[in-house]
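Biologist: I have the fold open on my screen. Can you walk me through it?

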Amino acid sequence: KLQFLYFIVLTTRYMTQNNTVQHTLSAAITAFEKDEWERRCTKALQEGLPQPAVVKASEEEHVKLYAGGGGTLPPITKMDREGLASLLNCRRLALSSNAIEKIGPGLNLIPQLEILSLSRNKIKKLENLDLPHLKQLWLSYNFIDRLSGLERLASLTTLYLSNNCIERWGEIDKLEANRNLVDLLLINNKIHTEIDKATDDTRREYRLQILLRLPQLVKIDGEPVLPEEREAADAKRQHTMA
């Protein structure tokens with residue numbers, strides 16, 4: 001919550017100063033390199049170690065560009081292909097708490113990308129996600145109402161979609177293509193909030209409906225799938241097929 005409030009303050013301050021500038025991912029990468037090198041220099045000085053080498057984003061496995069680049073720049077509004085293509089060694093890319101509206105082309109130019117965080121942006125559509133090695137995708141706090149576009153994520157194990165606009169079970173059906181998915185977060189979507197104040201029976205039915213569609217899940221909304229839940233889903237599935 002604090003990070004989100006900071007993002008709002010940062011965005012408001014920036015828009016007051018200049019509401020026409022488009023801040024790109026490439027600019028944030030430059031800021032990340034500078035800030036990360038300064039951070040490492042400070043740490044080395046405190047520990048009595050030699051000055052570290054200059055940071056190059058192309059050599060980093062974890063690139064942190066949240067809130068415009070470590071929170072020091074205006075929020076990123078555009079994922080430019082040139083910037084993405086430069087992250088050759090990146091395995092974890094953090095782009096949360098920005099103002100990104102579109103998942104730009106070029107993510108597939110990051111050959112080793114395994115974890116992608118795009119939470120707390122303005123994304124409405126899932127696109128340009130042809131990422132066969134991606135294992136974790138964080139998309140909470142966006143405006144997503146459809147789940148088309150995830151079918152090429154063959155290695156996906158973790159999908160965080162809380163606080164979006166998903167309201168139809170047909171969208172959950174689309175995740176059947178992601179056979180390695182084991183951890184799914186849907187809290188505070190309409191499909192979930194409709195049962196928030198309901199009975200325990202309704203809550204059990206919600207989890208059952210997810211398991212009927214995605215029997216391989218081991219965690220739903222942060223809670224482990226219990227053996228009795230899996231048994232109930234298996235029994236209902238067999239009854240439906242009979």
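Modeller: One term before we start: contact means heavy atoms within 4.5 Å. With that in hand, what covers the buried residues of H2 includes strand E1 (62-64) and helix H3 (81-85). Bear in mind that this is a predicted model.

Biologist: How confident is the predictor, as mean pLDDT?

Modeller: The mean pLDDT of the protein is 87. Of its residues, 86% reach 70 or more. Residues 1-21 are another matter, with pLDDT below 50. Beyond near neighbours in sequence, that stretch has 19 contacts in the model.

Biologist: Back to H2. Which of its residues are buried?

Modeller: Leu25, Ala28, Ile29, Ala31, Phe32, Glu36, Cys41 and Ala44.

Biologist: What span should H2 have, and how far apart are its end C-alpha atoms?

Modeller: Helix H2 covers residues 25-47, which is 23 residues. At 1.5 Å a residue, they should span 33 Å. The end C-alpha atoms are 32 Å apart, so the two values agree.

Biologist: And what follows H2?

Modeller: Glycine 48. Its phi is positive, near 70°.

Biologist: Which residues other than glycine have a positive phi?

Modeller: Serine 97 is one of them, at about 55°. Tyrosine 141 has a positive phi too, near 60°.

Biologist: Where do they sit?

Modeller: Both are in loops. Serine 97 is in the loop between strand E2 (92-94) and strand E3 (115-117). Tyrosine 141 is in the loop between strand E4 (136-138) and E5.

Biologist: Is serine 97 buried or exposed? And what about tyrosine 141?

Modeller: Serine 97 counts as buried, because its relative accessibility is 1%. Tyrosine 141 has a relative accessible area of 34%, so it is partly exposed.

Biologist: Let's switch to charges. How many salt bridges does the count come to?

Modeller: The count comes to 16 salt bridges. Side chains of opposite charge can pair when their charged atoms come close.

Biologist: Buried or exposed, for glutamate 60? And arginine 40?

Modeller: Glutamate 60 counts as buried, at 14% relative accessibility. The cut-off for buried is under 20%. Arginine 40 is at 26%, so it counts as partly exposed.

Biologist: Which residues are linked in a network of salt bridges?

Modeller: Glu36, Arg39, Arg40, Glu60 and Lys64. Glu36 is also among the buried residues of H2.

Biologist: What does glutamate 167 meet in a salt bridge?

Modeller: Lysine 190, at 3.6 Å, N to O. Glutamate 167 lies in the loop between strand E5 (158-160) and helix H4 (169-173), and lysine 190 lies in helix H5, so this pair ties together parts 23 residues apart in sequence. Glutamate 167 is partly exposed at 41% relative accessibility. Lysine 190 is partly exposed as well, at 42%.

Biologist: New topic. Where is histidine 192?

Modeller: In helix H5, residues 190-193. Histidine 192 counts as buried, because its relative accessibility is 9%.

Biologist: What is histidine 192 in contact with, leaving aside its neighbours within four places in sequence?

Modeller: Leu186, Ile187, Tyr206 and Asp221.

Biologist: Last one. How far apart are alanine 67 and asparagine 98?

Modeller: They are 31 residues apart in sequence and 4.9 Å apart in space, C-alpha to C-alpha. Alanine 67 lies in the loop between E1 and H3. Its relative accessible area is 5%, so alanine 67 is buried.

Methods
Residues are numbered from 1 along each chain as its sequence is written. This is a predicted model: local features need pLDDT of at least 70, side-chain atom pairs count only at pLDDT 80 or more; totals for chains, interfaces and linings use all residues. Side-chain values use heavy atoms; hydrogens and water are left out. Helices (H or I, at least four residues) and strands (E, at least two) are DSSP runs, numbered from the N terminus. The expected span of a helix is 1.5 Å times one less than its number of residues. Buried means under 20% relative accessible area, exposed over 50%, partly exposed in between (1.4 Å probe, protein chains only). A salt bridge is a side-chain nitrogen of Lys or Arg within 4 Å of a carboxyl oxygen of Asp or Glu. pLDDT is the predictor's confidence in each residue, from 0 to 100.
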